[in-house]
2 protein chains.
Amino acid sequence: MKKLIIASTSTLHNGSYLDYLLPTLAIHFENVKNLLFIPYARPGGISHDTYTDKVREAFSKINITVKGIHEYENPIEAIAAAEGIFTGGGNTFLLVTQLYQAKVIDALEAAVKNGTPYLGTSAGSNICGLTMGTTNDMPIVYPPSFKTLGFVSFNINPHYLDPDVNSTHMGETRETRINEFHHFNPQPVLGLREGSWLEVSGNTITLKGALHARLFRQNQEPEEIAPESDLSNLK
Amino acid sequence: MKKLIIASTSTLHNGSYLDYLLPTLAIHFENVKNLLFIPYARPGGISHDTYTDKVREAFSKINITVKGIHEYENPIEAIAAAEGIFTGGGNTFLLVTQLYQAKVIDALEAAVKNGTPYLGTSAGSNICGLTMGTTNDMPIVYPPSFKTLGFVSFNINPHYLDPDVNSTHMGETRETRINEFHHFNPQPVLGLREGSWLEVSGNTITLKGALHARLFRQNQEPEEIAPESDLSNLK
């Protein structure tokens, strides 16, 4: 049975890393002693080791040890044997490129579909959608494909940001960008505001956290979705 | 002799389309009666026809007629025969995909290197750099490559936006994104603020407009570049 937490962000403003999620994660990973961390997205370009140390520190608060996938000789076997998996945020283009290059996409898909509990934040949440086509990140490397893991049958836009009505900047708003996406792609896009996450339990998908999410469907007006809404049939 | 205007944006806040650039364009295109417009980037998903009409209206103010590349049976011949070329803004992923699919990349490179005067705004400026790897756009389609035209030997970041010190949003700042780019790519990145443009005349590159630009080089502190600075040797 699938079991995922798909979070908009790892960190809230004025919070520390993963803090707001730890009570949820203590339950989500209750049977996990050792967590496998995928640091491929490298936020700010930090190394796999530095990133893994940061994650290790956060999970030590709920008595879970952490090992980075880069510390294993065979990453495919590491995923297959993992008790739980966390993919952290950073740059989605880099993350997806590395997942393909390390040839772990299929292993990751199989493990999570077979019930290995999974946590994604930001870029690690983006890859839970059908494609990475609604990432906010800069295309710093060229991935072999934009296709991602499809643990949910729609796309995720993490760090969803409402238009700033006072802005004088002429770059596109997030909503305009997602509207452009829908000229070329049919799947719904769920804009997850910082502090929101999806809980996937088998075939049930629930919006968690205190905030509404914003749902974009092709050729329809965007819709505000309340916390605790059931999104199981969204596709 | 190369002759380009590479602009951060088509439109300033409270301005109308291309207005602030028209005096410059009247000189830049002084020998052009008919301008070839490349509408492939489709801002907001608008059609090639609608986009071309908008450009036609702006250029009518300086007595230049406009025809869209999509109105020609053979786009490669249209580029080779053009008196002047304008590539408008929108989505860079879509623009680059269409340029490759229409097989006009080589023709565009040849025409501009042979002296056909060129204007780019936003996405149309992004493609003047070595790669599209510093676009701000959402990856709504998958291009065959991120390599672009290299009319300048660095990358462009149009609509450059300074960090908002009051923001509580945890998404990456533009500067953080460009820093991540430099972990994997060596070329300098020029952040062009809205209202700035580059004037390329043969081998001379000059920063124009009233604002400073922000220059990012690998492993160096970012640098503010004053208007009228000579960027000919930047690479």
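# Briefing: the contact between chains A and B, and the spaces around it

About 3800 Å² of area is buried between chain A and chain B, and carbon and sulfur atoms give 62% of that area. The model is predicted. The contact takes 47 residues from chain A and 47 residues from chain B.

**The interface of chain A and chain B**

- Between chain A and chain B the count is 2 salt bridges.
- In a salt bridge, the side chain of B:Arg177 meets that of A:Asp137 at 3.6 Å, N to O.
- On the side of chain A that touches chain B, helix H4 (92-101) and helix H7 (174-181) of chain A each supply at least two residues.
- H7(A) gives the largest share of that side, 6 residues.
- Sorted by class, the side of chain A that touches chain B has 19 nonpolar, 21 polar and 7 charged residues.

**The largest pocket**

- The volume of the largest pocket is about 1300 Å³.
- Its lining has 40 residues, and those closest to the centre of the pocket are A:Leu161, A:His169, A:Glu172, B:Leu161 and B:Arg174.
- H7 of chain A and helix H7 (174-181) of chain B are the elements that give two or more residues to this lining.
- The lining of the largest pocket divides into 10 nonpolar, 15 polar and 15 charged residues.

**The second largest pocket**

- A volume of about 380 Å³ belongs to the second largest pocket.
- It is lined by 20 residues, of which A:Ser10, A:Pro43, A:Lys54, B:Met170 and B:Glu172 are the closest to its centre.
- Helix H2 (48-60) of chain A and H7 of chain B each supply at least two residues of the lining of the second largest pocket.
- By class, the lining of the second largest pocket has 5 nonpolar, 12 polar and 3 charged residues.

**The cavity**

- Searching the whole structure gives 1 cavity of 30 Å³ or more.
- The largest cavity has a volume of about 70 Å³.
- Among the 13 residues that line the largest cavity, A:Ser122, A:Asn136, A:Asp137, A:His159 and B:Glu172 lie nearest its centre.
- A:Asp137, named in this lining, also takes part in the salt bridge with B:Arg177.
- B:Glu172 is named both for the largest cavity and for the second largest pocket.
- The lining of the largest cavity divides into 1 nonpolar, 8 polar and 4 charged residues.

**Salt bridges over all chains**

- Over all chains the count comes to 22 salt bridges.
- One of the salt bridges is made by the side chains of A:Glu175 and A:Arg214, at 3.2 Å, N to O.
- A:Glu175 lies in helix H7 of chain A and A:Arg214 in strand E10 (residues 213-216) of chain A, so this pair ties together parts that are 39 residues apart in sequence.

**A:Tyr20 and its surroundings**

- A:Tyr20 is in the loop between strand E1 (3-7) and helix H1 (22-28) of chain A.
- With neighbours within four places in sequence left aside, A:Tyr20 is in contact with A:Ala7, A:Thr9, A:Ser10, A:Thr11, A:Leu12, A:Gly195 and A:Trp197.
- The side chain of A:Tyr20 reaches the backbone oxygen of A:Thr9 at 2.6 Å.
- A:Ser10 is 10 residues from A:Tyr20 in sequence and 8.4 Å from A:Tyr20 in space, C-alpha to C-alpha.
- A:Ser10 is also one of the residues closest to the centre of the second largest pocket.

Notes: Residues are numbered from 1 along each chain as its sequence is written. Chains are lettered from A and ligands numbered from 1 in the order in which they are written. This is a predicted model: local features need pLDDT of at least 70, side-chain atom pairs count only at pLDDT 80 or more; totals for chains, interfaces and linings use all residues. Side-chain values use heavy atoms; hydrogens and water are left out. On a 1 Å grid over the protein atoms alone, a cavity is a set of points where a 1.4 Å probe fits but cannot get out, and a pocket is an open set with protein on both sides within 12 Å along at least five of seven lines; lining residues have an atom within 4 Å of a point. Grid points are joined across faces, edges and corners, and a volume is the space filled by probe spheres set on the points. Ala, Val, Leu, Ile, Met, Phe, Trp, Tyr, Cys and Pro count as nonpolar, Asp, Glu, Lys and Arg as charged, and the others, Gly among them, as polar. Contact means heavy atoms within 4.5 Å. Buried area is the accessible area (1.4 Å probe) that two parts lose on being put together, summed over both. A salt bridge is a side-chain nitrogen of Lys or Arg within 4 Å of a carboxyl oxygen of Asp or Glu. Helices (H or I, at least four residues) and strands (E, at least two) are DSSP runs, numbered from the N terminus. A polar contact is a pair of N or O atoms within 3.5 Å; within protein, one must be able to donate a hydrogen and the other to accept it, and residues adjacent in sequence count only if both atoms are side-chain atoms.
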